[in-house]
Amino acid sequence: MSGRVGDLSPHQQQTLARFKENLQDLLPTLPKADDYFLLRWLRARNFDLKKSENMLRKHVEFRKQQDLDNILTWQPSEVIQLYDSGGLCGYDYEGCPVWFDIIGTMDPKGLLLSAPKQELIRKRIKVCELLQHECELQSLRLGKKIEKMVMVFDVEGLSLKHLWKPAVEVYQQFFAILEANYPETVKNLIIVRASKLFPVAFNLVKSFIGEETREKIVIFGDNWKQEIIKLISPHQLPVEFGGTMTDPDGNPKCLTKINYGGEVPRSYYLRDQVKVQYEYMVSVGRGSSHQVENEILFPGCVLRWQFASNGGDIGFGIFLKTKMGERQRAGEMTEVLTSQRYNAHLVPEDGSLSCLKAGVYVLRFDNTYSLVHTKKVSYTVEVLLPDRASEEKLQGFRATSASPVQ
């Protein structure tokens, strides 16, 4: 049995009855604690009564902390309203609301330098509540229960700036909140216009997405406009996404419904850096350098770094070793990121590099130009691996599109 209303086994019916008994103290505090709502929590924990109850009780605490009863009237700051992308636009064939998340045009660093991270996360919580409310309205309009939502992630333009650690943490927390507080509400997560960098980005958030939700992820290839209309009617899709819907003025992107983000003007910045916890600290003596080696086993990985210096500026560059098993001077290696001096004692630096080749990449902190001052460098370096399943799927799409028509 599916564990849904009207399709319960005797054991599931008994568990639902006991669930209600155990939650008598909570039910009056919930906005809509009908059987549809309660069965979501039971299905999420395979009808394990204790686990389901713990999950729901934690959600009630979350509701209080986030003041979810009033979140739909809460408005984020102007910069988030103007530059944080996304929007509710249309419904799928069964009437489920569709949310579009536009990743590529979003300026994550600009947003996080202009607003607190928790405000960006709270805005995404509001989106979840908005979609739940829209499901209720759709249920009334259609005369049938609508419980699920569809999310379309447009990742065209996904670049290294979107892999900035504080930005990734926003999406990690969002998916963790979605799993813990909105179980059984996702019908599909649709990925369109995925680039070669997508498997790395997905791998960073994958562990925060439950297995059942992961199974609902749909990645479309180059023919995504033909595929997406199998899930969403053309008249419910903007022209930009392969449908026929436009704004009243004919705009194919439906800007009145979907915010496409954009670069945040510096006039909104509240700070020039985001506080970072570094993993390592080294002293780079006057007239010397410090090398950090990272072995990249296969192409497609990304090197991501953050560093700050104390005592003055510091040189930084990345090199690819030409001989294994021994230290090489900078001039003996292949330079892949030009070495230059950074005022990292004033503003911390961060960046990332797509590794096109396997090999040992050397991050070199250079103080050879300083004859007087030793520099202290705090840094974090990570190797970001691609998700192999999604990488293979994208490679399959590219192979298919490159094949001649028979």
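F316 is buried, at 1% relative accessibility (buried means under 20% relative accessible area, exposed over 50%, partly exposed in between; 1.4 Å probe, protein chains only). The model is predicted: local features need pLDDT of at least 70, side-chain atom pairs count only at pLDDT 80 or more, and totals for chains, interfaces and linings use all residues. Residues are numbered from 1 along each chain as its sequence is written, and side-chain values use heavy atoms, without hydrogens and water.

**Ring pairs of F316**
- The rings of F316 and F365 form a tilted pair, with centres 5.3 Å apart and planes at 45°.
- Rings of Phe, Tyr and Trp (its six-membered ring) pair if their centres lie within 6.5 Å; planes under 30 degrees apart count as stacked, over 60 as edge-to-face and the rest as tilted.
- F316 lies in strand β9 (residues 314-320) and F365 in strand β12 (residues 359-366), so this pair ties together parts 49 residues apart in sequence.
- Strands (E, at least two residues) are DSSP runs, numbered from the N terminus.
- F365 is buried, at 1% relative accessibility.

- The structure holds 15 aromatic pairs.
- One of them joins F307 and F316: 4.8 Å centre to centre, 35° between the planes, tilted.
- F307 is buried, at 1% relative accessibility.
- Ring pairs link Y280, W305, F307, F316, Y342, F365 and Y379 into a cluster.

**Charges over rings**
- The charged end of R341 sits over the Y369 ring, 3.8 Å from its centre.
- R193 places its charged end over the F241 ring, 5.5 Å from the centre.
- The criterion is NZ of Lys or CZ of Arg within 6 Å of the ring centre and within 35 degrees of the ring normal.

Note on methods: Helix = DSSP H or I, 4+ residues; strand = E, 2+ residues; numbered from the N terminus.
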